[in-house]
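User: I'd like to go through this model and ask what stands behind each label. Can you set the values against the cut-offs for me?

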Amino acid sequence: MVEPSAEGADHETAAAGPETAAARMARYYDLDLLDDPGDLDLYLAMAERTGGPVLELAAGSGRLAVPLARAGYAVTAVDNDAQMLHRASKACAGARASGRRRTALDLELIEADLTTLSLDARYGLAFIALNSLLLLDGADAQRRAMQVLADHLRPGGVAVVDVVLPDATELSAYDGRLVLDWMREDPETGDHVTKLSSARHDATHATVALTTLYDTVSATGALRRTTRFDLLSLRSVSELVRDATDSGLEIESLAGDHQLTPLGPGSERIVLIAVSV
Ligand SMILES: C[S@@+](CC[C@H](N)C(=O)[O-])C[C@H]1O[C@@H](n2cnc3c(N)ncnc32)[C@H](O)[C@@H]1O
């Protein structure tokens with residue numbers, strides 16, 4: 001599942017309410033993530049290993065950044081979607097770091113394009129999670145993102161990149177067919193939401209064009225459709241490794257899942273772990 005920053009087309013009439021399509025899309029992102037991707041333990045372990053501070057690129061609504069901050073790490077979370085960061089800010093508000101001294105969270109939210117990010121601080125852990133790299137605008141932007149990770153690490157710091165690795169069977173199913181992903185009640189609004197998606201693989205450009213439709217029925221029976229369009233630029237293992245080494249990182253391991261099972265035939269993801277030397 002991938003939730004990017006692209007703008008959603010809004011089919012709602014102005015009279016139906018002030019919430020923008022972007023704000024609604026950010027809410028749907030969190031509704032999507034009721035299916036836990038299961039990657040938080042990986043980042044907690046990496047944060048513990050390095051001691052932080054932590055930089056998350058494309059941090060979205062703070063799904064990882066907020067628990068990392070709650071675990072006591074200083075976290076900088078970068079995203080270019082103000083509505084996603086607004087949700088991260090809300091999730092952070094009132095939360096306290098764990099432990100005996102329950103201090104306010106050390107979480108900095110920065111609205112910026114991650115591909116041009118340049119901060120003074122250096123981090124023990126820098127990562128881009130859950131396919132976010134694939135949402136960037138092609139190979140050049142993906143290379144820049146890798147360089148940004150590398151440039152913000154202190155010597156010995158660790159970079160983690162996590163992207164999906166669809167196999168031939170999955171790619172062949174990305175033929176434009178409409179798929180019912182889920183039907184859920186939105187706990188924030190009580191609305192009934194149906195998520196449908198259509199993916200189309202373009203082997204020539206190694207892209208997947210993704211159209212997502214969120215159909216919402218409110219308590220009054222009003223129907224609203226919100227649509228978003230995304231283009232995923234797929235990345236092979238060798239391309240990712242080259243991007244990392246070209247950025248000055250040293251590959252530590254290549255895993256095929258969030259439990260760090262070694263990458264191999266049948267792996268559904270690439271989890272690249274690299275060290276700043
Ligand atoms: C799949 S979400 C991931 C959110 C979060 N890391 C998580 O795992 O739940 C992808 C995020 O990437 C952000 N994004 C996409 N392109 C970006 C860019 N060029 N600069 C900063 N953020 C970007 C989107 O706004 C979105 O919040």
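This is a predicted model: local features need pLDDT of at least 70, side-chain atom pairs count only at pLDDT 80 or more; totals for chains, interfaces and linings use all residues.

User: Let's start with Q142. Why is Q142 called buried?

Analyst: Buried means under 20% relative accessible area. Q142 has 1% relative accessibility, so it counts as buried. You'll find Q142 in helix α5, residues 138-151.

User: What makes up the contacts of Q142, leaving aside neighbours within four places in sequence?

Analyst: Contact here means heavy atoms within 4.5 Å. With those sequence neighbours set aside, Q142 is in contact with L133, L134, L136, S233 and R235.

User: Which other residues of α5 are buried?

Analyst: Besides Q142, the buried ones are G138, A141, A145, M146, V148, L149 and A150. Their cover includes the strands β2 (54-57), β5 (123-128), β6 (153-164), β10 (223-233) and β11 (249-255), along with helix α7 (237-246).

User: How do you know that the span of α5 agrees with what a helix should give?

Analyst: The expected span is 1.5 Å times one less than the number of residues. With 14 residues, α5 should span 20 Å, and its end C-alpha atoms are 20 Å apart, so the two agree.

User: On to α7. Why does D243 count as buried?

Analyst: The cut-off is under 20% again. D243 comes in at 1% relative accessibility, so buried is the label. D243 lies in helix α7.

User: What does D243 touch, not counting residues up to four places away in sequence?

Analyst: R143, M146 and R235. For M146 there is also a C-alpha separation: 6.5 Å from D243, with the two residues 97 apart along the chain.

User: Now the ligand. Which residues come nearest to the ligand?

Analyst: Y29, E56, A58, R63 and D79, out of 22 residues around it. By class, that shell has 12 nonpolar, four polar and six charged residues.

User: What makes the backbone stand out at G52 and P53, A206 and L260?

Analyst: Most residues other than glycine have a negative phi, and most peptide bonds are trans. G52 and P53 are joined by a cis peptide bond, with omega about -10°. P53 is in the loop between α2 (40-50) and β2. A206 has a positive phi near 55° without being a glycine, and L260, also not a glycine, has a positive phi of about 65°.

User: Where are A206 and L260, and why is each called partly exposed?

Analyst: A206 is in the loop between β8 (192-202) and β9 (207-217), and L260 is in the loop between β11 and β12 (269-276). Partly exposed is the range between buried, under 20%, and exposed, over 50%. A206 has 31% relative accessibility, so it falls in that range. L260 has a relative accessible area of 33%, so it gets the partly exposed label too.

Definitions and conventions. Residues are numbered from 1 along each chain as its sequence is written. Side-chain values use heavy atoms; hydrogens and water are left out. Helices (H or I, at least four residues) and strands (E, at least two) are DSSP runs, numbered from the N terminus. Buried means under 20% relative accessible area, exposed over 50%, partly exposed in between (1.4 Å probe, protein chains only). A residue is near a molecule or strand if one of its heavy atoms lies within 4 Å of it. Ala, Val, Leu, Ile, Met, Phe, Trp, Tyr, Cys and Pro count as nonpolar, Asp, Glu, Lys and Arg as charged, and the others, Gly among them, as polar.
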